[in-house]
Amino acid sequence: MNHRIRPGLLPLTFFGVALAAGFALRCTNQVEAAGPVDAAHTAYRVLDPIKSGNLLLFPVVASGKTPSSPFLTLDEGIKSGAVEVTEAGHVRGLVRPRPAQGPINDGILRPLSQPQYDRDDQVNTLVLLNNSDKPLLLLAGEIVTGGKQDRVIAKDRIVPAGSDPIDLNVFCIEPGRWTEATPVFGASAKSPAMSLMVQPSVRAKAMVEKDQQEVWNSVHGSIDAALAAPAPRSPEITENTARPASLGTTSYARVMQSSDVSAKVDQAARPVMESSEQVLEKLREQRAVGVVVAVRGEIVWADIFSDTDLLARYWTKLVRSYAAESLLDGDTHPAPTIADAQQFLDTPTGGTESSIGDVGVYRYRELRSGSTETFILESLLPATGYDVHISKVKLRGEVRRIEAPSVYR
């Protein structure tokens, strides 16, 4: 039989259909965590910071041996053509040429005449296909451009190699457009130096509050702040071009890639990016796997990966996102110490826990306690079973949470 478990029927809510029928199982739950999640958070050590303008980046090193990463990144997959992203209404062209299976009234599984993917384009859903021979790693905050609007990935996840099309949860970061630019999405930039991830304040709205309007509000605020920020002293930038009132677009990606704003981000990130290879080499020597981020003296974020190679592959887009955050107005605080950064990293994650994932592929946990929220992506693929990416967010003010609909087929 085809069973559906409705929300509220059980203390722990499980969604899915029988594995014996060949369906992928997805599950969510919410529990009160009694204390720290596991020993992972105490296995990291903070080092002396790297200063870059209003930024302090504290490298984080792992105490034990780190695994070798088998993952493909979104930028790598799109650039090679192995990963395709498109609007939901275009999914038919991505379905693999093999019979689909589906339950009918008598409960017997029979081949369907065609895949069940009839739908219109949707603001908060895209469709992704991983044609590569590697599992694909997606991080919340990564940007895909094109389609009817530029979008940002809503949460971390892993997509198996050679998978069927998946629904990809996204948020729009270009509220002023709903006309198709291209049928297939691309990465945010052709050059790694211009690769984009939304800055932490926008990432937080997507990851913590999960609300499209809050994401739009944050995008508007970030764009306004970037345009109003003082321009670096340069012969190419005059007083007449330093602070344009508008660039004629509502696209976060296009604003951040504009010559004016890009120059400001470059200036904010220059001490790190000008010596990027030397910095990365030092990080590799130290076995660094992540950073704790302080803006204007306030610790606001941490990104930690399973290994140094993954950190290096995301380094440019992460640093540029942190630099964009430093363009926001705000109070300046005394510079935090290594002890402050370590304390932020080690803050117990006891509190409310929720998780979602695909059996045998990944589990994604959200753990909230006090003024921080921690997001953990764990790989469940064969020969893995470790945390691939951890984000730790400092919560600001009252958090308004909008949970996704909890009915799955």
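Are Tyr 364 and Phe 375 buried or exposed? I began with this point and found that both residues are buried. I note at the outset that the model is a predicted one.

**Entry 1. Aromatic pairs**

One is formed by Tyr 364 and Phe 375, which are stacked with 6.2 Å from centre to centre and 25 degrees between the planes. I then located the partners of this pair: Tyr 364 belongs to strand β20 (residues 362-369) and Phe 375 to strand β21 (residues 372-379), eleven residues apart.

Phe 305 and Tyr 314 also form an aromatic pair. I recorded 5.3 Å between the ring centres and 10 degrees between the planes, and this pair is likewise stacked. I checked the burial of Phe 305 and Tyr 314 and found each of them buried.

**Entry 2. Helix α7**

I next turned to helix α7, which covers residues 308-325. How far apart are the end C-alpha atoms of α7? I found them 24 Å apart, which agrees with the 26 Å that 18 residues should span at 1.5 Å a residue. I also noted a kink of about 60 degrees in α7, with its centre on Trp 315.

At the N-terminal end of α7, I identified Asp 307 as the cap. A side-chain oxygen of Asp 307 lies 3.0 Å from the backbone nitrogen of Asp 309. I then looked up burial along the helix: 16 of the 18 residues of α7 are buried, so the helix is largely enclosed by the rest of the structure.

**Entry 3. A three-stranded sheet**

I traced an open sheet of three strands, ordered β6-β11-β14, with mixed pairing. Its edge strands are β6 (72-73) and β14 (157-159), each of which pairs on one side only. I followed the pairing of β6 with β11 (residues 136-138): the two strands run parallel and are joined by two bridges. Within this pairing I found Thr 73 opposite Leu 137 of β11.

**Entry 4. Thr 125**

Why does Thr 125 count as buried? Its relative accessibility is 14%, and buried means under 20%, so Thr 125 falls in that class.

Setting aside neighbours within four places in sequence, I listed the contacts of Thr 125 as Ala 88, Arg 151, Asp 167, Leu 168 and Val 170.

Terms used
Residues numbered from 1 in each chain as written. Predicted model: local features only at pLDDT ≥ 70, side-chain atom pairs only at ≥ 80, totals over all residues. Heavy atoms only, no water. Helix = DSSP H or I, 4+ residues; strand = E, 2+ residues; numbered from the N terminus. Expected span 1.5 Å × (residues − 1). Bend = angle between axes of the 7 residues up to and from the residue. Buried < 20%, exposed > 50% of the residue type's maximum accessible area, 1.4 Å probe, protein only. Polar contact = N/O pair within 3.5 Å; in protein donor to acceptor, adjacent residues only side chain to side chain. Pairing = 2+ DSSP bridges. Phe/Tyr/Trp six-rings, centres within 6.5 Å; stacked < 30°, edge-to-face > 60°. Contact = heavy atoms within 4.5 Å.
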